[in-house]
Amino acid sequence: MRRLVITIGIILMLSMMQALYFVFNVRSLAYDHILSNTTENASFLTDSISRQFKAWNSLAEDTAVGLVPLLSGNAVDAASVKKYLVAMAENKDDVAALYVGSTVPRAAAAGYLIADNFSPDSLPDNPDTDHTTWEYFIRAMEKPGSPAYYGPYFDLLSGKLMISLGYAVRNTAEKDGKILGCVMIDVFLEHLVDIINRDTTIAFRNTYLITGTGEFVSDTNAVHRQGADITYVAMKDFFIEKNLEAYREAVLKETVFSHLGEDIFIYSAYIPAADWILVSTIPTKSIFADANRRIIRNSITCALTVIVTVGLAFVMMRIIKRDRADLVRMKESAEAASRSKSDFLARMSHEIRTPLNAIIGMSELALQAGENQGRAGPDLPECLAVIRQSGSNLLSIINDILDIAKIESANFQLMVVPYRFSSLLNNVVNVIRVRLHDKPVLFLADIDAHIPENLRGDEVRIRQILFNLLSNAVKYTDDGFIRLTASCFVTGPDNVTLKFAVADSGIGIREEDKEALFGNFTRFDMERNRAVEGSGLGLAITKLLCDEMGGTLAVSSEYGKGSVFTVTLPQHYAGDEVAAVVENPDEKHVVLYDERPLYGDSVCATLRNLGVAVTRLNNAEDFLSALETGSFSFAFVSPGLAEQALALVRDKKLDTRLVLPANSGETFSSLSIPVLLMPAHAVSTANLLNDAKTEQGARQTRVRFTAPDARALIVDDLMTNLIVAQGLLSAYRLRVDICDSGSSAVSKVKDRRYDRVFMDHMMPGMDGVETTAAIRNMEGEYFKQLPIIALTANALSGMREMFLSKGFNDYLAKPIELAKLNALMEKWVPKEKRRMVEDTVTTGNASEGSHY
């Protein structure tokens with residue numbers, strides 16, 4: 001009881017000290033509060049306005065790029081141009097008009113469509129209007145590539161406030177870069193005005209939006225907007241006549257000026273994207289009037305604190321009396337936990353016995369297979385296949401149990417090592433692609449190319465997290481799509497937070513099941529999912545791993561429509577290298593056609609994220625017409641139109657390089673088009689674009705020889721990658737050994753002579769560079785001359801030179817293209833071990849025949 005009295009006395013003393021501190025510092029605190037609040041509000045508003053202007057700039061730029069092939073021919077199809085403009089303006093409520101103007105004065109009036117050699121679709125009331133004299137048209141012509149704005153002004157027809165934007169249409173595909181016209185857009189400012197007028201965080205603050213020429217676009221005070229308030233007139237004179245340029249030069253600025261004996265606090269923020277200024281004004285007397293009110297409130301709060309503290313003493317005495325009841329409840333809780341553990345062990349027993357029963361039973365049938373010839377029953381290969389699958393399921397359950405035990409017993413340790421993001425991504429995508437092989441599900445990967453490449457963290461556990469989430473999506477999605485999204489945001493000088501999202505169109509999760517979703521052995525909706533295998537520990541392990549790494553795991557789902565699991569993981573990074581970079585992106589222009597909307601959206605977003613200009617066409621005839629112009633360096637075409645596009649390129653002798661986005665398992669009649677295996681993420685797309693050849697023609701995909709007497713070693717820490725690489729080399733009938741670590745590779749090279757070694761770059765423990773150095777340091781000429789070829793997910797310029805300097809003889813980028821593999825085999829297989837063949841063509845699906 002004495003301790004209770006002392007505690008209450010300390011609380012009362014601290015409350016009084018806090019009250020005195022607030023009374024003596026209230027005016028300073030009030031000013032700091034207003035300044036902080038206004039700064040935060042101005043940052044929000046400037047960001048919103050900047051984003052709106054960037055969206056309009058992007059619309060103008062995208063429209064101009066798409067108009068180039070439509071306006072650069074000898075004859076312009078007005079209907080196609082109008083159709084294109086209508087499509088660009090679709091679903092954009094703030095766009096009042098979108099049209100294109102010619103460079104010839106009065107060649108045609110300003111309407112939907114204007115050009116030198118065709119009539120517009122519709123004309124305004126005054127056909128003599130000369131759009132080439134409009135200010136924003138002139139400025140757009142003077143600085144191609146930069147937007148030119150005019151306004152704001154009130155539109156006579158709609159009575160709404162709007163601005164106009166001009167952007168030159170320039171044919172960048174030609175050397176002279178001829179200007180073909182000017183895209184002109186009229187947009188309403190209602191959205192921006194609403195944002196300003198909703199600024200009511202502080203009741204006595206007024207907010208103004210002022211253009212670069214001193215015109216007031218909007219403010220939050222209705223009296224001011226009517227122009228009847230003298231403070232508004234004074235503020236207008238203050239900014240326009242005295243301080244407009246000074247405020248434009250400073251990004252953020254604050255000051256106080258006196259008007260009619262009243263001090264007014266001013267905070268302004270310059271918006272470069274619009275050349276506009278955002279201004280907030282607050283009368284200082286209002287600030288301190290609020291402070292006086294807070295003094296009264298705080299005094300009342302202190303009094304209430306005293307009353308509550310005294311009451312708390314009586315409450316605590318009652319709590320002490322309830323201790324016995326709490327002990328009883330704790331005992332009951334412990335007994336419930338014990339029962340839960342018993343239930344868990346019972347369920348685990350069932351899950352373990354199920355594959356064991358299959359293993360023991362099929363083993364018995366395998367032993368009898370030789371005696372059962374001519375009788376009904378499974379043959380030996382069938383028995384072995386079931387045994388292998390059941391053993392794999394059993395191993396997965398045991399691994400899950402061990403992981404849970406390690407984490408919960410505090411024996412779990414993170415292995416923080418350097419790794420490359422592109423290698424992690426490639427490994428995850430390869431595994432999930434194989435698991436989806438037999439399902440009609442679209443696999444998409446939207447990866448931010450600007451994620452740092454050189455990271456430091458527990459790569460193995462991050463890979464496990466992604467495998468768990470993606471495998472979960474594969475289990476519960478029978479059709480539709482699975483999408484992996486990866487992005488990041490920098491949190492410090494060498495710190496970054498990775499953000500992964502796994503979305504699917506599967507069965508979803510019921511609302512009442514979400515709370516217990518990450519519990520041990522949690523399986524829901526068992527009647528619907530009885531055929532789904534697994535321990536039910538995957539999500540629990542994923543949650544625990546995220547917590548151990550200082551990250552988060554969240555889920556959103558709608559039952560029957562799919563789920564989205566979102567993970568954030570803090571990591572360290574080093575250097576400025578990013579996951580994917582396209583060399584000379586300004587020199588590459590892609591035209592895209594894909595009748596699968598989700599694939600088309602994903603590839604288009606990936607190309608734009610890489611900084612590559614892309615024109616997407618949803619009509620096959622439009623695509624072939626655009627392709628025939630020869631204005632594009634690459635043409636991404638879906639399988640249904642590939643043959644027709646290839647014939648057009650060959651007949652017209654175009655310099656455009658065709659690319660075929662394809663699913664694993666698809667086969668094609670022509671092998672002369674390089675395949676971009678879906679999902680086409682940033683790394684694989686950049687690798688393909690960086691490897692572009694200037695000449696057009698068939699790529700060598702035929703095996704010209706076999707080498708049954710030659711021996712090769714493949715080193716990779718992922719079994720899926722080993723299986724795929726081994727399958728690609730099977731066409732050469734090599735004797736192939738595989739191993740999953742650098743130390744194992746060193747042992748194998750010591751014990752057996754190989755003609756070449758394919759070495760993965762990034763591996764846990766000894767990586768590929770360290771393993772190669774260990775081999776080169778062995779005694780003997782064989783170890784010095786042994787051809788070692790690097791396997792890497794990074795195909796940026798300079799990587800080849802880096803590998804050669806580290807003791808490698810050559811390198812091969814992932815995903816492996818068969819043409820490149822053939823070239824390496826021609827180079828490194830000894831001639832005396834070759835057996836020439838005729839008309840031998842590699843077979844298999846797209847994943848086996850074209851890429852690794």
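Contact, as the word is used throughout this text, means heavy atoms within 4.5 Å. The structure is a predicted model, in which local features need pLDDT of at least 70 and side-chain atom pairs count only at pLDDT 80 or more, whereas totals for chains, interfaces and linings use all residues. Residues are numbered from 1 along each chain as its sequence is written, and side-chain values use heavy atoms, with hydrogens and water left out.

Ser 638 sits in the loop between β19 (634-637) and α15 (639-652), where helices (H or I, at least four residues) and strands (E, at least two) are DSSP runs numbered from the N terminus. Its relative accessible area is 0%, so Ser 638 is buried; the term stands for under 20% relative accessible area, with exposed meaning over 50% and partly exposed what falls in between (1.4 Å probe, protein chains only).

Seen as a whole, the chain holds 23 helices and 28 strands, and 48% of its 852 residues count as buried. Among contacts between residues at least 6 apart in sequence, 67% join residues at least 24 apart. The chain exposes about 42700 Å², of which carbon and sulfur atoms supply 53%; accessible areas come from the Shrake-Rupley method with a 1.4 Å probe, and for residues only the protein chains shown count as cover.

The interior can be followed through its nonpolar cores, each a set of buried Ala, Val, Leu, Ile, Met, Phe, Trp, Tyr and Cys residues joined through side-chain atoms within 4.5 Å. The largest nonpolar core has 70 residues, and those with the most contacts inside it are Phe 421, Ile 447, Leu 484, Phe 500 and Phe 636. Helix α11 (residues 459-476) contributes the largest share of this core, 8 residues. Apart from this core lies another, of 44 residues, among them Ala 60, Leu 165, Leu 180 and Val 193. Ile 447, with its neighbours within four places in sequence left aside, is in contact with Phe 421, Leu 425, Leu 484, Ala 486, Asn 609, His 681 and Ala 682.

Strand β1 (residues 95-101) is largely enclosed by the rest of the structure, because 5 of its 7 residues are buried. This strand runs antiparallel to strand β4 (residues 179-188), to which 6 bridges join it, and two strands are said to pair if DSSP finds at least two bridges between them. Within this pairing, Ala 97 stands opposite Asp 186 in β4.

Helix α12 (residues 538-548) has as its buried residues Leu 539, Ala 540, Ile 541, Thr 542, Leu 545 and Cys 546. The helix also contains Asp 547 and Lys 543, 4 residues apart, about one turn of the helix, and the side chains of these two residues meet in a salt bridge (3.1 Å, N to O). Asp 547 counts as partly exposed at 40% relative accessibility, as does Lys 543, with a relative accessible area of 25%. Just after α12, Gly 550 takes a positive phi of about 80°.

A salt bridge is here a side-chain nitrogen of Lys or Arg within 4 Å of a carboxyl oxygen of Asp or Glu, and by this rule the count comes to 18 salt bridges. One of them is formed by the side chains of Asp 478 and Lys 439 (3.5 Å, N to O). This pair links distant parts of the chain, 39 residues apart, with Asp 478 in the loop between α11 and β13 (480-492) and Lys 439 in the loop between α10 (421-435) and β11 (441-447). Asp 478 is exposed, with a relative accessible area of 54%, whereas Lys 439 is partly exposed at 25%.

Another salt bridge joins the side chains of Lys 827 and Asp 810 (3.2 Å, N to O). Because Lys 827 lies in helix α22 (residues 818-828) and Asp 810 in strand β27 (residues 810-813), the pair ties together parts that are 17 residues apart in sequence. Lys 827 is partly exposed, with a relative accessible area of 47%, while Asp 810 counts as buried at 5% relative accessibility. Elsewhere, Arg 420, Glu 453 and Glu 577 are linked in a network of salt bridges.
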